[in-house]
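User: I am new to this structure. Please explain the labels used for its charged pairs.

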Amino acid sequence: MIPRKYKYVTNRAARNKAGEEAGSIRVLVKTGSDMAETDYTCPECTHSEHVEKEWKRPFSVKCSKCGYTMRLPKLKDELKRDKKREKK
């Protein structure tokens, strides 16, 4: 068995206050580490940045320019929420 380099990887669209996909967030957590390497583009002000932050759930990142908080829900919870939006 080959050991995995990352224990968590995601690359998602980030929603602004209006619910529009206007930014992105990518998170990588290496195996054996509790630090998340995060690259984001803020959906509110389009500021892009790389930050390293402790990995814990629920995970969120605050934009250093405008202060908007981007939350990273569990994928299954995000999919449920998207289905509810589609029904409206």
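User: How many salt bridges does the rule give?

Analyst: The count comes to 4 salt bridges, a salt bridge being a side-chain nitrogen of Lys or Arg within 4 Å of a carboxyl oxygen of Asp or Glu. The model is predicted, so local features need pLDDT of at least 70 and side-chain atom pairs count only at pLDDT 80 or more, while totals for chains, interfaces and linings use all residues. Residues are numbered from 1 along each chain as its sequence is written, and side-chain values use heavy atoms, leaving out hydrogens and water.

User: What makes lysine 7 and aspartate 34 a salt bridge?

Analyst: Their closest N and O atoms are 3.4 Å apart, and the rule asks for within 4 Å. Lysine 7 lies in strand β1 (residues 6-15) and aspartate 34 in the loop between β2 (21-30) and β3 (35-41), so the pair ties together parts 27 residues apart in sequence. Strands here are DSSP runs of E with at least two residues, numbered from the N terminus.

User: Why is lysine 7 called partly exposed?

Analyst: Its relative accessibility is 45%. Buried means under 20% relative accessible area and exposed over 50%, with partly exposed in between (1.4 Å probe, protein chains only).

User: How do you know that aspartate 39 forms a salt bridge with arginine 26?

Analyst: The closest N and O atoms are 2.4 Å apart. The pair links aspartate 39 in strand β3 with arginine 26 in strand β2, 13 residues apart.

User: Why is glutamate 21 called exposed?

Analyst: Glutamate 21 has a relative accessible area of 54%, so it counts as exposed. Its salt-bridge partner is arginine 15, which is partly exposed at 24%.

Notes. Helices (H or I, at least four residues) and strands (E, at least two) are DSSP runs, numbered from the N terminus.
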